[in-house]
Amino acid sequence: MWTKHHKKRKFGRLTLPVITVAFLSYFGYHSVHGDLGLRGMEEFERQRVERQARLDVLVRQRQILEKEVALMSDGSLERDMLDEKARSYLNMSRADEIVIFH
């Protein structure tokens, strides 16, 4: 009966630990620095706060415009509002008027 004797190699013992360390290092690095990692989540949160502030400004502007439109609607047409908008868009005023922009 023939048997083979294998020589123990130094690299054979280190292969599995090296692969394990490389695997854990790769995923550990990307869990912090990757697009969906800790730093990526901080960037998402910063963008969310920025966009929420922009949304709040736009909502306020829309409410103001809706209020102005309501004042110019059929049922409650106010001459002052209509006059103000017409003069603003046409950039005209009478000689005896003082114009105050807000």
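At 47% relative accessibility, R48 counts as partly exposed, a class lying between buried (under 20% relative accessible area) and exposed (over 50%), with a 1.4 Å probe and protein chains only. The model is a predicted one, in which local features need pLDDT of at least 70 and side-chain atom pairs count only at pLDDT 80 or more, whereas totals for chains, interfaces and linings use all residues. Residues are numbered from 1 along each chain as its sequence is written, and side-chain values use heavy atoms, with hydrogens and water left out.

The structure contains 4 salt bridges, each defined by a side-chain nitrogen of Lys or Arg within 4 Å of a carboxyl oxygen of Asp or Glu. In one of them R48 meets E45, with an N to O distance of 2.8 Å; E45 is itself partly exposed, at 39% relative accessible area, and the two residues, being 3 apart in helix α2, are separated by about one helical turn.

R46 is partly exposed at 41% relative accessible area, as is E43 at 32%. R46 also forms a salt bridge with E50, where the closest N and O atoms are 2.6 Å apart, and this pair is 4 residues apart in the helix, again about one turn. Through shared partners, the salt bridges join E43, R46 and E50 into one network.

## Helix α1 and its kink

Helix α1 spans residues 10-33, and its 24 residues reach 34 Å from the first C-alpha to the last, close to the 34 Å expected at 1.5 Å a residue; helices are DSSP runs of H or I with at least four residues, numbered from the N terminus. A kink of about 30 degrees lies at L16, shortly before the proline P17, the bend being the angle between axes fitted to the seven residues ending there and the seven starting there.

Y26 is partly exposed at 49% relative accessible area, and F27 is partly exposed at 46%.

Notes. Expected span 1.5 Å × (residues − 1).
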